[in-house]
Amino acid sequence: MTEQKTPAEPILDRDWWRGAVIYQIYPRSFQDHNGDGIGDLVGITERLDYVADLGVDAIWLSPFFTSPMRDFGYDVSNYRDVDPLFGTIGDFDRLVEKAHALKLKVIIDQVISHCSDKHPWFAESRLNRTNDKHDWFVWADPKPDGTPPNNWLSIFGGSAWTWDSRRMQYYMHNFLASQPDLNFHNPAVQDAQLDNMRFWLERGIDGFRLDTVNFYFHSLGLESNPVVKPEDFNASTAPAVNPYNFQEHLYDKSQPENAVFMERIRALLDEYGAKTSVGEIGDSQHQLEVMSQYTSGTDRLHMAYTFDYLGGEFSAEHFRKAIDLTERDAPGGWICLAFSNHDVVRHISRWATHGQQDEFTRLACTMLLSMRGSVCLYQGEELGLTEAELAFEDLVDPYGIEFWPQFKGRDGCRTPMVWQTQSPMGGFTTATRAWLPVPADHMTKAVDRQDKDQGSVLAHYRAMLAFRRAHPALIHGSIETLDAPVGVLAFLRDGEGERLYCAFNMTEQPVTVPVPAGFDLTASDAPGIDYQPQQGALSLAPFGAYIGIVR
């Protein structure tokens, strides 16, 4: 009798995230299925084939949980359900099933540092000082004169402390007053949030993006933050007009206990196999140090991102410094690279102020997908979308309303995705009005306009993603920056038997780049690059790129 062989278990690739490209979807703005002007989970599911065709490895969904929407989902009132605006838990399950059928991993946001003031936990905690959840949030007595306990500031403006008359105490909030911070010094809080994360792991998701991951713990001493030194002033975490930047945030975040809690998150993820985690680190003075602490080794986060490339200047000097500091200060860590996301001005508008927008857009794509790390692409950047110019009366973001007009908030990068040039609202919704306006200049960049055009920005992104997949050195290889003329970023990617020389002219002027000594370069077939070195030098056009194979 022939012995029946059981099918071999598929081999789990626990390192699938290393070098992966993740496509960020902002659910409110991707696709509206039910016609209410707000994107939803069914709409996302309908558009997943488009995302898979780009050639990315995973999607990251910004929050879709039950919420009063004061901060558009980053104020969660129920961590285990879908807000009716976005659909149902069944809609979510079908989204995951479709994504997996298309070989897309699914990463979801987790906003566990704070919750909504409408969450039952906070409703109970604020009743009095003796209830079961009295210490689940950060409560503190006033100073003798009635003022807050220290000088801590909210990123969204004003004090990080709000008075509550029920308890006759202040509660802490790093963001809106309607987003009270949870007290992670209480083990019960840690357990509760880990249980909430387990709920989604059981539903088959592939990882978490952890919002404000260095904000979980505060100093129990409640010491006031010192004034930042002038030479350390850095507006990468908050806009320059925000007084939050005037402090060095030594005591209200990035505490030692935070790194230890990362180990509990990793242990939970490891229970479920090939899962991943990416943390958002906001700490202008200490971000690389924190990233190194959180991502080095195998018992904390898999990767994290800082605001080095989500702000700062578009210059070879800035990029080389950021790469070198990352390699020096976080050699065992892993960075997740992004130029745009839901919190910052779209990078084309932020950096392409010179009028050569198309050339810049292609260069930025080629650079981002050539650097060392995993990559996050933000919906619409593959179309070359710019920051929307919105009137004050169209704003809904409390951050922008607070700091208008010098800082216009985050609405400009959150406008709806454009699918069809000739359709009202760009094919995003059948409603006559979307939750944010659809900019007229976005309509000419819609998916259907670019989809079959081999010379489009969308085609360049698809080609560059395919090129990255075909070259292991870009996914897993090391990076070493190289000397180059002013305005040129050059580096060597080396790994898995392959060496690639990459040079990028980040200026508006043509430049000649000497080929490094000992480099014998041959064509790599990188998209948009159709020239080779002549007599030991490269001639790069304004915002030109070169990637060659080093023999």
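Colleague: Which ring does Arg28 lie over, and at what distance from the ring centre?
Modeller: Keep in mind that this is a predicted model. In it, Arg28 lies over the face of a tryptophan. The distance from the ring centre is 4.4 Å, and the residue is Trp435.

Colleague: And what about Lys105, which ring face does that one cover?
Modeller: Lys105 is placed 5.3 Å from a ring centre. A charge counts as sitting over a ring when the Lys NZ or Arg CZ is within 6 Å of the centre and within 35 degrees of the normal. The ring under Lys105 belongs to Trp16.

Colleague: Let's go to the eight-stranded sheet; which strands stand at its edges?
Modeller: The sheet is open, with parallel pairing, and its order is β11-β10-β9-β5-β2-β1-β13-β12. The two edge strands each have a single partner, so one side of each is left without a neighbour in the sheet. Those strands are β11 (303-305) and β12 (336-337).

Colleague: Inside that sheet, what is the bridge partner of Gln24 in β13?
Modeller: Strand β1 covers residues 21-25 and β13 covers residues 374-378. They run parallel and are joined by four bridges. For Gln24, the partner in β13 is Tyr378.

Colleague: There's a helix lying across β2 and β5; at about what angle does it run to β5?
Modeller: The helix is α3, residues 89-101. It lies across β2 (58-61) and β5 (105-110). Its angle to β5 is about 140 degrees.

Colleague: How are the rings of Tyr23 and Phe30 arranged: stacked or edge-to-face?
Modeller: There are 45 aromatic pairs in the count. In the pair Tyr23 and Phe30, the centres are 6.2 Å apart and the planes make 65 degrees. Planes over 60 degrees apart count as edge-to-face, so this pair is edge-to-face.

Colleague: Is Tyr23 buried or exposed?
Modeller: Buried means under 20% relative accessible area. Tyr23 has a relative accessible area of 0%, and Phe30 also comes out at 0%. So Tyr23 is buried.

Colleague: How far is Val56 from Tyr23 in space, C-alpha to C-alpha?
Modeller: Val56 is in the loop between α2 (48-54) and β2, and at 7% relative accessibility it counts as buried. Its contacts beyond four places in sequence include Val21, Tyr23 and Leu465. Val56 and Tyr23 are 33 residues apart in sequence, but their C-alpha distance is 6.7 Å.

Colleague: What is the distance between the end C-alpha atoms of helix α10?
Modeller: Helix α10 has twelve residues, 357-368. Its buried residues include Phe360, Leu363 and Met367, and Phe360 is also part of a ring cluster with Tyr309, Phe314, Phe319, Phe339, Trp351 and Phe543.

Colleague: Where is His218, and is it buried or exposed?
Modeller: His218 is found in the loop between β9 (207-210) and α6 (256-270). Among the residues His218 touches are Trp152, His185 and Asp252. Its relative accessibility is 6%, so His218 counts as buried.

Colleague: Last one: in the three-stranded sheet, which residue of β8 is the bridge partner of Thr162?
Modeller: This open sheet has the order β6-β8-β7 with antiparallel pairing. Four bridges join β7 to β8 (residues 169-172). The partner of Thr162 in β8 is Tyr171.

Terms used. Residues are numbered from 1 along each chain as its sequence is written. This is a predicted model: local features need pLDDT of at least 70, side-chain atom pairs count only at pLDDT 80 or more; totals for chains, interfaces and linings use all residues. Side-chain values use heavy atoms; hydrogens and water are left out. Two strands pair if DSSP finds at least two bridges between them. Contact means heavy atoms within 4.5 Å. Axes are lines fitted to C-alpha atoms, for helices over the stretch in contact, and angles run from 0 to 180 degrees between N-to-C directions. Rings of Phe, Tyr and Trp (its six-membered ring) pair if their centres lie within 6.5 Å; planes under 30 degrees apart count as stacked, over 60 as edge-to-face and the rest as tilted. Buried means under 20% relative accessible area, exposed over 50%, partly exposed in between (1.4 Å probe, protein chains only). The expected span of a helix is 1.5 Å times one less than its number of residues.
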